Structures are given as C-alpha cells and as structure tokens.
Amino acid sequence: MVLGSCLCNAVQFKVTGDFKRIVNCHCNLCRKMNGAAFSTYVAILQTDFELVTGDLSFCDVTENARKHFCGECGTPIFNSNPKYAGLNILHLGCLDSDLLGELKPDVNIYDESKISWLESISGLPTFDKAIG
Ligand SMILES: [Zn+2]
Ligand SMILES: [Zn+2]
C-alpha cells in the first residue's frame, strides 16, 4: 500500500493495489493543465484508490478528461477519462512514498510534442538547493 496527499494535507489517500503503468506524458494538454514541461502519471485501478480524508474538487478539462484536485491548495491528485474507464491516472508527485526514485516511468507518450531540451537537462549546472 502506498499513501499520497496534497501539499496542504487536507486530502490524503491510499493506493491499495499495484501500479499498472508509469507514464511520462509530453502532450500539450497535460503541459498546459499542469503548467509543467511534462507530466508523470501512475495508472491504478479506480477500485484501488481510497480517499482517507478531505474532498476532491474536479474540473472537466476536455469532454473526456477530468482533473481531480485539492480544492484547498490546488494540488492535482488524479485524472480520469472514459477512454480509460476504471483507471485513475495519478499524478506521481502526490504520492508520499519514499520509493518515488524507484517508481521509474515505463514509457514516454506524445513524444511528438516533447520539449527538445528535456534530452539534455542532466548536463545543466546543478545545485543541491535553490540558487540564492
Ligand atoms: Zn490541499
Ligand atoms: Zn498528456
């Protein structure tokens, strides 16, 4: 079992089953709705998602994609989509697990719209914390 939460901790949840797939999505929709260069998701069975505390708000970002998030702090928790009925597409970053480093993505999808500099970020000057 793996626990997850939002930034303000109002929403806490647990995942009671296996991770089906871990995906880096480089599509423009995810980039825009998450404000991030790309998005890493963990697909789980909807029935393996258990809300422990708090309430989720949602927003229909397209006629298919619904984003579920903490209404207090805005942290995205999961997406759902009738095209992938029965799955919750969890945002990897809201998992609390110390295992995050071991939860390696299996695939990149929407590579056609991937930002080209992602290939070279490990070569950038790197600091342990923020630059002062
Ligand atoms: Zn929150
Ligand atoms: Zn996407």
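Predicted model: local features only at pLDDT ≥ 70, side-chain atom pairs only at ≥ 80, totals over all residues.
Let me open with one contact, in which the side chains of Asp60 and Arg66 meet in a salt bridge at 2.6 Å from N to O, where a salt bridge is taken as a side-chain nitrogen of Lys or Arg within 4 Å of a carboxyl oxygen of Asp or Glu. Residues are numbered from 1 along each chain as its sequence is written, chains are lettered from A and ligands numbered from 1 in the order in which they are written, and side-chain values use heavy atoms, with hydrogens and water left out.

Back to that pair: Asp60 is partly exposed, at a relative accessible area of 46%, and Arg66 is partly exposed as well, at 29%. For these classes, buried stands for under 20% relative accessible area, exposed for over 50%, and partly exposed for what lies in between, with a 1.4 Å probe and protein chains only.

By the distance rule the count comes to four salt bridges. Another of them joins Lys14 to Glu50, whose closest N and O atoms are 3.8 Å apart. Because Lys14 lies in strand β2 and Glu50 in strand β5, residues 49-53, this pair ties together parts that are 36 residues apart in sequence. Strands here are DSSP runs (E, at least two residues; helices would be H or I, at least four), numbered from the N terminus. Both partners count as partly exposed, Lys14 at 22% relative accessibility and Glu50 at 38%.

Let me turn to the metal. Which residues coordinate the zinc ion (ligand 1)? They are Cys6, Cys8, Cys70 and Cys73, each through its SG atom, at 2.3 to 2.4 Å, where donors are N, O and S atoms within 2.8 Å of the metal (3.2 Å for Na, K and Ca), and since water is not among the atoms, sites may look incomplete. The angles among the four donor atoms run from 105 to 113°, and the site is tetrahedral, a label that four donors receive if all angles lie between 85 and 135 degrees. For reference, the ideal angle for four tetrahedral donors is 109.5 degrees. In sequence the donor residues are spaced C-x1-C-x61-C-x2-C. As for accessibility, Cys70 is buried at 1%, while Cys73 is partly exposed at 31%.

Three strands form an open sheet in the order β1-β2-β5, with antiparallel pairing, and two strands are said to pair if DSSP finds at least two bridges between them. β1 and β5 stand at the edges, each with a single partner strand, so one side of each is left without a neighbour in the sheet. Neighbouring strands are turned by 30° against each other on average, direction ignored, with axes being lines fitted to C-alpha atoms (for helices over the stretch in contact) and angles running from 0 to 180 degrees between N-to-C directions. β1 and β2 pair in the antiparallel sense over four bridges, and Val2 stands opposite Val15 in β2.

The structure also holds two aromatic pairs. In one of them the rings of Phe13 and Phe49 have their centres 5.0 Å apart and their planes at 25°, so the pair is stacked. Rings of Phe, Tyr and Trp (its six-membered ring) pair if their centres lie within 6.5 Å, with planes under 30 degrees apart counted as stacked, over 60 as edge-to-face and the rest as tilted. Phe13 is in strand β2 and Phe49 in strand β5, 36 residues apart. Phe13 and Phe49 are both buried, and together with Phe78 they form one aromatic cluster.

Finally, two backbone details. Asn9, in the loop between β1 (2-5) and β2 (12-15), has a positive phi near 75° and is partly exposed at 42%. Tyr110, in the segment after β10 (107-109), has a positive phi of about 55° although it is not a glycine.

Key. Tetrahedral: all angles 85-135°; square planar, octahedral: opposite > 155°, others 65-115°.
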